[in-house]
Amino acid sequence: MPEKNAVRIDQELVRALAHPLRVRILEALQGRVASPTELSKEMGASLGVVAYHANTLEECGCLQLVKTRPRRGALEHFFTATPRSFIGHQDWRLAPQSVRGEVTAAAVQTFIDKVSKATEAGTIDGRDDTTLSWMPMNVDQAGWTEIRAIMEATLAQLTAVHARSNERLGDESTIPVIVGLAGFESAREEPPCE
């Protein structure tokens with residue numbers, strides 16, 4: 001029987017993904033702060049709909065309210081995505097597999113789109129210290145467990161770097177960075193025909 005906490009997280013994450021606009025909001029707020037007003041303009045959706053879904057994501061623990069600002073007699077709310085909302089975070093592994101497949105496909109497509117845009121813009125190779133590597137491996141179960149631990153530790157370190165950078169950033173220019181971590185069992189390749 002699953003732990004109570006795992007069931008609660010599972011239900012919250014499924015709720016967070018219950019509408020495609022919520023996934024778009026999560027993607028838009030990865031590594032940045034924005035208000036529903038700004039997001040509604042970017043996404044071409046009504047402010048009321050975006051605000052509703054942003055509030056739902058906040059209730060699910062996927063968004064964090066960063067600040068508020070008075071605007072026309074009301075308060076404008078500014079949100080950012082929490083680390084647990086990052087598509088692929090281990091909390092997502094608690095969602096049902098049927099939901100994970102759709103989310104994984106959307107996340108991979110978003111990553112591919114970002115790589116394509118960076119390639120077209122020339123920024124993917126614009127720095128001499130760009131890191132771009134992948135490697136196929138064959139490992140046993142213990143090796144798989146080690147890889148998973150390394151990936152989780154790396155994600156925690158990257159999240160800490162992001163937090164420290166946000167604390168240091170003032171008016172200086174930022175470097176927009178995409179970091180992709182993936183460790184997955186690859187499809188078995190068919191042996192060549194003889």
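This is a predicted model: local features need pLDDT of at least 70, side-chain atom pairs count only at pLDDT 80 or more; totals for chains, interfaces and linings use all residues.
**View 1. The whole chain, for orientation.** Here you can pick out six helices and two strands. Starting at the N terminus, their order is α-α-α-α-β-β-α-α. Of the 194 residues in the chain, 24% are buried. Among contacts with a separation of 6 or more, 55% are between residues 24 or more positions apart.

**View 2. Helix α4 from end to end.** How far apart are the end C-alpha atoms of α4? They are 18 Å apart, and that agrees with the 18 Å that 13 residues should span at 1.5 Å a residue.

View 3. Tucked away as buried residues of α4 are V50, H53, A54, T56 and L57. Look down the axis of α4 and these buried residues fall within an arc of 160°, so they line one face of the helix. Over on the other side of α4, you'll find G48, Y52 and E59 exposed.

**View 4. Where α2 meets α4.** Helix α2 (residues 20-28) and helix α4 (residues 47-59) have axes that come within 10 Å and cross at roughly 75°. An angle of 65 to 115 degrees counts as roughly perpendicular, which means α2 is roughly perpendicular to α4. On the α2 side, the contact uses L21, R22, I25 and L26; α4 brings V49, V50, Y52, H53, A54, T56 and L57. Sort the residues of this contact by type and you get eight nonpolar, two polar and one charged.

How values were computed. Residues are numbered from 1 along each chain as its sequence is written. Side-chain values use heavy atoms; hydrogens and water are left out. Axes are lines fitted to C-alpha atoms, for helices over the stretch in contact, and angles run from 0 to 180 degrees between N-to-C directions. Helices (H or I, at least four residues) and strands (E, at least two) are DSSP runs, numbered from the N terminus. Angles under 35 degrees count as roughly parallel, over 145 as roughly antiparallel, 65 to 115 as roughly perpendicular and the rest as oblique. Contact means heavy atoms within 4.5 Å. Ala, Val, Leu, Ile, Met, Phe, Trp, Tyr, Cys and Pro count as nonpolar, Asp, Glu, Lys and Arg as charged, and the others, Gly among them, as polar. The expected span of a helix is 1.5 Å times one less than its number of residues. Buried means under 20% relative accessible area, exposed over 50%, partly exposed in between (1.4 Å probe, protein chains only). The arc is that of the directions from the helix axis to the C-beta atoms.
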